[in-house]
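Keep the model open as you read.

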Amino acid sequence: MDINELADKLPTVPRNGMREWIEIDYNDELGDHYCVFNRTEILIEDMPIAQTMRPEDWEKYDAVNKYHHAAECRCTACGERFYTGWYKYHPDKGYGILMFVGDDGMNYDGYIPETETDSPDYMAYIEGQHIVCPYCGENIRLIHKSRLRHGRTYQILAVSVEVVEGYTVLMTWLCSRQMNEVGSFPLSIVPFEALVIDGRSFYRFTKAKIGFFGNMMPNGKNKWEQRSYHGEDLSYRRYYDYGSWGHKKCGAVVWTNVPNLDGTTGEKTGLYDYICNGDKHANLPFAYMKLWRKHPNVENIVKSNWRSIVDTELYQFTIDENQMYKTTYDVDTYTIDYGETKPHKMLGIEKEDMKCNYGWGYEELFEYQLYNGNVEKISVSDFDDYIDFLCGLENVSICTGNLLDGNEHWELEKVANYLDKQKEKFNLSINEGIQLLDDYRDMLYEVNRGHGIPESEFFPRDLQEAHDRLVETKKAKEHKEYKAKFRKLAKKYSKLAYTDGDLCIRVARDENELIQEGRTLQHCVDGYGTKHCNETDVIFFVRHNRRPERSYFTLDIRFDGKEPREVQLHGYKNENVYNRRTHKKHTIPKKVRDFCDKWEKEVLAVWYAEQKHKKSKKKVGKAA
């Protein structure tokens, strides 16, 4: 058949069963049914509940206005209207209703005075909560009438496989449900796009398009029109949906009711197996057809027990954040060798392993190929056992990654046996054990610089005790190095000490001084030890010459630029305190500001210029 003639035969209404599938499986996505309510005034005499009132109740109501506030409700599921009590004590000053509750737990209509606040016969419900419709029994959500003033439209994009005149066709349908304060409209399913498969040639037809705001717009001719196909994913559209974030939704659901494709153009594609026999990720038929078009032998994997490899890797490609809203992404898989045709060779496993289904995705296969090809030969069943024993693929990856980085003793068998003994002797769980072992060995290499480590140290008798001991050793070593840096800097910047007779300045000599400075002046300099040691922010103390031991002002000089630069100068509480007499914030005294400016200009700048000159002379000497 001529491809243009096929356009007139493409379906415009869904097959039997599709509407029921959408309504059952995706009813929530197409919007809840609501109890739309608003406050109204009613005559008590018109209400059936008034017939049961006692004489004293009538006297009470006759004494006031005959009109009382009530809630008028309408169920969008059945369209019935009923009245309940109006709840005026909403905690957020919103809207709510009062409803009778029977012994069976069901809700019943009837007027309840809004002055009533507590009774075992009724309950208060506020917006967003669910009630049971007293007429149809549907579980419906409360919503005030004002919220539905302009109506709401909920939509999903659905994909189905159709057979038309021997051609396999991938169809997309836009399924919509609209509702307003009156009720809910019936589910609408309209055709959107179609991809006709003819061997490795694909033909695209459209009946509508997505507008700028995500709404569907008919093409104007109310018939299928052929458009050029450039490998787009027709299910990956961004369209309007009230319930979605930003009222935009992307992606489609796939109907697994696929007709028999024998004798059609899709018979040799593996499309039937991909959709009907795949796992939960098998919802990307357009992506699969793009892959099949590039590598037809992917059909051999899809028809095997290992089809989940294709499912999961395609899912990763198309759901990736960087691919979001893109319909022309490149599709390929890294774990499959398309130069081969036999499934086990394509996956790089033994033929016998193809008979079992271990539930692997592409990540498990990739990790297996990495370990099997670079570390040691291992069977698929043994590798799967290690995944289970080590509590997941992430822990197996720790072993593989360390081995590939050249770290010793991370073979799966050794690690599994060692952790098993730790579990038996010291009650250390496998998952905690491998994380602890990874941390322990990192510290072991760091402390010993990777040299001269005896083999027994890699598998200590008590892993927890050895780990804690190494943590303390590392802390002591870091503290020693930390103190040495302080001493080195104190010597280096000692030449910057200066006094004008009234004030003096010097560099911080150790961490304890920084801590004491921060506590006395109540600012954050006590946390600047690391910056000080890295010489990004070098801390100096400004004090009275007659009392050099007493904290006064703290000066922060940054040395990581072309010239030293003052970052901040602060005293007690960063001057954020008020003078009781003037009721103004304290400021930096002029004599302190002038002293620091003079020191920076006459001492710091001169010293820094000398240091640069010495460095330049050394470079010239080395070059000569």
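Start with helix α16 (residues 511-521), which lies across β20 (503-507), β21, β22 and β23. The helix runs at about 60° to β21. Contact here means heavy atoms within 4.5 Å. Axes are lines fitted to C-alpha atoms, for helices over the stretch in contact, and angles run from 0 to 180 degrees between N-to-C directions. Helices (H or I, at least four residues) and strands (E, at least two) are DSSP runs, numbered from the N terminus.

This is a predicted model: local features need pLDDT of at least 70, side-chain atom pairs count only at pLDDT 80 or more, and totals for chains, interfaces and linings use all residues. Residues are numbered from 1 along each chain as its sequence is written, and side-chain values use heavy atoms, with hydrogens and water left out.

Now the sheet. It is open and has 5 strands, in the order β19-β20-β21-β22-β23, with antiparallel pairing. Two strands count as paired if DSSP finds at least two bridges between them.

Follow the pairs in turn. β19 and β20 are antiparallel, with 2 bridges. Thr499 has Cys504 in β20 as its bridge partner. The hairpin of these two strands has 3 residues between them, and Gly501 takes a positive phi near 100° there. Next, 5 bridges join β20 to β21, again antiparallel. Leu503 is partnered by His544 in β21. Then β21 (residues 537-544) pairs with β22 (residues 553-558) over 6 bridges, in the antiparallel sense. Phe540 stands opposite Leu555 in β22.

How many residues of β20 are buried? The count is 5 of the 5, so β20 is largely enclosed by the rest of the structure. Buried means under 20% relative accessible area, exposed over 50%, and partly exposed in between (1.4 Å probe, protein chains only). In a regular strand the side chains alternate between the two faces of the sheet. In β20, Leu503, Ile505 and Val507 are buried on one side, and Cys504 and Arg506 on the other.

Move to the helix pair. The axes of α10 (residues 380-389) and α12 (residues 412-426) come within 11 Å and cross at roughly 35°. Phe383, Tyr386 and Phe389 of α10 make the contact with Leu412, Glu413, Ala416 and Asp420 of α12.
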